[in-house]
Amino acid sequence: MPNFISKATYKRPKRSDLFANLQVTDQFGSTYHFREDLIRGKSVIINTMFTVCRGSCPGTSETLQRLRQPLSKLFAKRVTILSLSIDPAVDDTRALLDYADNYGAGTKTDGRTCDWYFLNASISDTEELRRS
């Protein structure tokens with residue numbers, strides 16, 4: 001806490017306020033502001049991935065797919081999964097939709113299943129989001 005702010009008035013920033021508020025596009029072609037639309041006031045699980053990854057990405061996506069149903073039963077729409085591509089030059093909307101479809105996230109949710117967005121942004125915005 002800075003010395004010039006009293007303990008009574010100091011409020012620790014929310015973790016969500018530390019994320020950049022940059023534009024991202026999901027696997028359906030919808031655009032959002034990362035912090036304002038997808039993070040603030042929500043419970044989220046965030047991971048990074050890329051669609052041609054042959055390392056840990058498929059395993060992580062499989063784990064999230066397995067967790068999605070139990071999370072949906074407990075929390076429904078109160079939890080959102082955000083998978084941010086770190087290879088936006090390759091991972092366009094079509095590639096993200098194909099990848100999402102492999103993990104059961106290729107269609108919009110029914111209101112009972114937690115949302116899972118596969119996101120891309122510009123190369124510079126992706127780097128900023130990755131570091132925030």
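Analyst: Quick ground rule: a residue is buried at under 20% relative accessible area, exposed at over 50%, and partly exposed in between (1.4 Å probe, protein chains only). This is a predicted model, where local features need pLDDT of at least 70 and side-chain atom pairs count only at pLDDT 80 or more, while totals for chains, interfaces and linings use all residues. Numbering runs from 1 along each chain as its sequence is written, and side-chain values use heavy atoms, with hydrogens and water left out.

User: What pattern does the chain follow, read along the sequence?

Analyst: Helices (H or I, at least four residues) and strands (E, at least two) are DSSP runs, numbered from the N terminus. The chain has four helices and five strands. Going along the sequence, they come in the order β-β-α-β-α-β-α-β-α.

User: At which residue does helix 2 have a kink?

Analyst: The bend at a residue is the angle between axes fitted to the seven residues ending there and the seven starting there. Helix 2 covers residues 57–75, and its kink of about 30 degrees comes shortly before the proline P70. The spot is R68.

User: Which elements do the buried residues of helix 2 pack against?

Analyst: The buried residues in helix 2 are C57, S61, L64, R68, L71 and S72. Contact here means heavy atoms within 4.5 Å. On that basis, the partners are strand 3 (43–49), strand 4, helix 3 and strand 5.

User: How many disulfides does a search of the whole structure find?

Analyst: A disulfide needs a pair of cysteine sulfur atoms within 2.5 Å. Take C114, buried at 0% relative accessibility: the closest cysteine sulfur, in C57, is 19 Å from its own, so a bond is out of reach. The search's tally is zero.

User: Is L96 buried or exposed?

Analyst: L96 sits in helix 3 (residues 93–102). Leaving out residues up to four places away in sequence, L96 touches T25, Q27, M49, T51, S85, D91, F118, L119 and N120. Its relative accessible area is 0%, so L96 is buried.

User: What is the N to O value for the salt bridge of R131 and E127?

Analyst: R131 and E127 are four residues apart in helix 4, so about one helical turn separates them. R131 is exposed at 62% relative accessibility, whereas E127 is partly exposed at 31%. E127 also meets R130 in a salt bridge, at 2.9 Å. For R131 and E127, the N to O value is 2.5 Å.

Technical notes. A salt bridge is a side-chain nitrogen of Lys or Arg within 4 Å of a carboxyl oxygen of Asp or Glu.
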